[in-house]
Amino acid sequence: MVRPVQNMEFALVAPVNWQNVLKERENVSKNPKDGEAWGRLAKGYKDILLMSKGYRDDTGGAELYQLSIAAYEKCLALKPDDAQWHAGFADLLASRSYFDSYYGPTADAYRALDEIQTALRLTPKDAKVLEIAQNISYMFRDGMV
């Protein structure tokens, strides 16, 4: 007798988001020293991870988080003075840390604060950097002054 499968959960990804990730994977494969392509790949992973209701806490979400971190790290190794990519990385780390910080700040929360500090030091008046900094200041009220 075949038993019906129960308690299944699916995370649907908009095809345009997945196509974007596939395109950027190809871009970094062809041009591994292209920091912008690594940043776009990191953002693509982040966009899928941070779906409309917080973030995906399933196994796929954990993998997307690690892939996004790795891509941001590669991007910033190639473009260490790009404030917007530092801010985007801070956004990823802070967003995930915010939901994981029920028992206190996580290591990624501190790393997010370091990244946004770097971004603000590089371009203190950039509108996107300031927007992300403001969002992070709401998440971690005592973390930013």
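Serine 95 counts as buried because its relative accessibility is 11%, where buried denotes under 20% relative accessible area (1.4 Å probe, protein chains only). The model is predicted, so that local features need pLDDT of at least 70 and side-chain atom pairs count only at pLDDT 80 or more, whereas totals for chains, interfaces and linings use all residues. Residues are numbered from 1 along each chain as its sequence is written, and side-chain values use heavy atoms, with hydrogens and water left out.

Serine 95 lies in helix α4, helices being DSSP runs of H or I with at least four residues, numbered from the N terminus. Its side chain reaches the backbone oxygen of aspartate 91 at 2.8 Å. Beyond its neighbours within four places in sequence, serine 95 is in contact (heavy atoms within 4.5 Å) with Leu50 and Met139.

Helix α6 comprises 13 residues, 127-139, and spans 19 Å from its first C-alpha to its last, close to the 18 Å expected at 1.5 Å a residue; the expected span is 1.5 Å times one less than the number of residues. Val129, Ile132, Ala133 and Ile136 are the buried residues of α6. Seen down the helix axis, these residues fall within an arc of 105° and therefore line one face of α6, the arc being that of the directions from the axis to the C-beta atoms. Their cover includes α4 (83-100) and α5 (107-122). At the N-terminal end, α6 is capped by aspartate 126, a side-chain oxygen of which lies 3.0 Å from the backbone nitrogen of lysine 128.

Definitions and conventions. Helices (H or I, at least four residues) and strands (E, at least two) are DSSP runs, numbered from the N terminus. Buried means under 20% relative accessible area, exposed over 50%, partly exposed in between (1.4 Å probe, protein chains only). A polar contact is a pair of N or O atoms within 3.5 Å; within protein, one must be able to donate a hydrogen and the other to accept it, and residues adjacent in sequence count only if both atoms are side-chain atoms.
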